[in-house]
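Subject: Structure handover and findings

Dear colleague,

Please find the structure below, together with its sequence.

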Amino acid sequence: MSKIGEIKIDKFLDSMVLTLEDYAKGVDKCLAKASHEAGENAENELHRTSPVGYTGDYRKGWTYGEKQIKKGKSYRTELVVYNATKYRLTHLLEKSHRIANKYGYYGKSTPKTHIAPAQANAEAKFTSVFRDELARIRI
């Protein structure tokens, strides 16, 4: 048996821990890259597909960022795509709403579905980028 790649039994645990730590760092990098690309992709799609309105502020307001969520003793990071300027309109435009004037309600608006398709595309993008990056990890 050759000496290349041999590990003494007392050093095996140390070697295994180092290998798993390297793998965990690689997975963290893969997650960061995949979430960044998916968030950027969703933001760009929402810039293209959102209703324009009078000023275009709703369409221009899309951005994304990370959000820290504490669960028990640990933290979880989520990527959130949101409208920074006209955040109150997102649900109304996506789901529709009643239209009112000074005499009462006279109808319902038509929903302008633009967030759900962007979310589905972002999830698919995240999955594909994460799988590609995970396949490139070398231990």
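In what follows, a residue is called buried under 20% relative accessible area, exposed over 50%, and partly exposed in between. Please note that this is a predicted model.

K33 has a relative accessible area of 37%, so it is classed as partly exposed. Its side chain meets that of E133 in a salt bridge, at 3.2 Å from N to O. The two partners belong to distant parts of the chain, with E133 in helix 4 and K33 in helix 1, 100 residues apart. E133 counts as buried because its relative accessibility is 16%. E133 also meets R136 in a salt bridge, at 2.8 Å from N to O; R136, at 58% relative accessibility, counts as exposed.

A buried charge without a partner

E43, in helix 1, is buried yet has no salt bridge. What is the nearest side chain of opposite charge to E43, and how far away is it? It is R48, at 11 Å. Leaving aside residues up to four places away in sequence, E43 touches W62, T63 and Y64.

Nonpolar cores

The largest nonpolar core has 6 residues, namely V27, C30, A34, V129, F130 and I137. Helix 1 and helix 4 (115-135) are the elements that give two or more residues to this core, and the largest share, 3 residues, comes from helix 1. Apart from this core lies another, of 5 residues, including Y58, W62, L93 and A118. I137, a member of the largest core, touches Y23, G26, V27 and C30, again not counting residues up to four places away in sequence.

Surface features

On the surface, I7, I9, F12, M16 and L20 form a nonpolar patch with about 530 Å² of accessible area together. I7 lies in the segment before helix 1 (9-49) and counts as partly exposed because its relative accessibility is 44%. R131, found in helix 4, counts as exposed, since its relative accessibility is 60%. R131 and K95 are 36 residues apart in sequence and 33 Å apart in space, C-alpha to C-alpha.

With kind regards

How values were computed. Residues are numbered from 1 along each chain as its sequence is written. This is a predicted model: local features need pLDDT of at least 70, side-chain atom pairs count only at pLDDT 80 or more; totals for chains, interfaces and linings use all residues. Side-chain values use heavy atoms; hydrogens and water are left out. Patches are made of residues with over 30% relative accessible area and no salt bridge: like charges are joined within 9 Å, nonpolar side chains (Val, Leu, Ile, Met, Phe, Trp, Tyr) within 5 Å. Accessible areas come from the Shrake-Rupley method with a 1.4 Å probe; for residues, only the protein chains shown count as cover. A salt bridge is a side-chain nitrogen of Lys or Arg within 4 Å of a carboxyl oxygen of Asp or Glu. Helices (H or I, at least four residues) and strands (E, at least two) are DSSP runs, numbered from the N terminus. Buried means under 20% relative accessible area, exposed over 50%, partly exposed in between (1.4 Å probe, protein chains only). Lys and Arg count as positive and Asp and Glu as negative; His and the chain ends are not counted. Contact means heavy atoms within 4.5 Å. A nonpolar core is a set of buried Ala, Val, Leu, Ile, Met, Phe, Trp, Tyr and Cys residues joined through side-chain atoms within 4.5 Å.
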